[in-house]
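Subject: Structure handover

Hello,

Here is the structure I promised to pass on. Please open it alongside this email.

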Amino acid sequence: MNYVTAHYSEIIGGGYRKAAAAATSAPTKANAIQLWTELLQAIGRAKELRYDSYTGYEVYLYCKRDAESKKEVEAIYEALPPEVRQIYDKDGFIFLCKMDDEELKFERARFLKLF
């Protein structure tokens, strides 16, 4: 109780909350660009062509339906930074993989506005 009484003005003034908020601040624009770059690299890995014995053709990794491919795509997603995973869930990541380059340009602009 003596501590609370001695630091009453700091506690009421929000001094402790300011310190906690600074520790969990949002990424800067430079960090956001780095996050987008990492996301694009992950999309590139998910778009690698692999032979599909069912169809007899090479298909994108994220399109294959076997258990190994699903685990590999999930591992690619899980390796993304947490900030990216907060914005895109697994289905959102697959949706990004389906986008062409022009659509990804618009998505990049939307992504960077979040920061």
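First, the basis. This is a predicted model, in which local features need pLDDT of at least 70 and side-chain atom pairs count only at pLDDT 80 or more, while totals for chains, interfaces and linings use all residues. Residues are numbered from 1 along each chain as its sequence is written, and side-chain values use heavy atoms, with hydrogens and water left out.

**The chain**

The chain has eight helices and two strands. Helices (H or I, at least four residues) and strands (E, at least two) are DSSP runs, numbered from the N terminus. Along the sequence the pattern reads α-α-α-α-β-β-α-α-α-α.

Of the 115 residues in the chain, 26% are buried. Buried means under 20% relative accessible area, exposed over 50%, and partly exposed in between (1.4 Å probe, protein chains only). The accessible surface of the chain is about 8,400 Å², and carbon and sulfur atoms hold 55% of that surface. Those areas come from the Shrake-Rupley method with a 1.4 Å probe.

Contact means heavy atoms within 4.5 Å. Among contacts in the chain with a separation of 6 or more, 47% are between residues 24 or more positions apart.

**H4 and H8**

Two packed helices are described by the angle between their axes and the distance between the axes. Helix H4 covers residues 29-46 and helix H8 covers residues 101-113; their axes come within 10 Å and cross at roughly 145°. Axes are lines fitted to C-alpha atoms, for helices over the stretch in contact, and angles run from 0 to 180 degrees between N-to-C directions.

On the H4 side, the contact includes Trp36, Leu40 and Ile43. On the H8 side, Leu104, Phe111 and Leu112 are among the residues involved. By class, this contact has nine nonpolar, no polar and four charged residues. Here Ala, Val, Leu, Ile, Met, Phe, Trp, Tyr, Cys and Pro count as nonpolar, Asp, Glu, Lys and Arg as charged, and the others, Gly among them, as polar.

**H5 and H7**

The axes of H5 (residues 67-78) and H7 (residues 90-98) come within 11 Å and cross at roughly 100°. That makes H5 roughly perpendicular (65 to 115 degrees) to H7. Val73, Glu74, Ile76, Tyr77 and Glu78 of H5 meet Lys90, Phe93 and Ile94 of H7. Five of these residues are nonpolar, none polar and three charged.

Glu74 lies in H5. Glu74 is partly exposed, at 41% relative accessible area. Glu74 and Phe93 are 19 residues apart in sequence and 9.9 Å apart in space, C-alpha to C-alpha.

Best wishes

How values were computed: Parallel < 35°, antiparallel > 145°, perpendicular 65-115°, else oblique.
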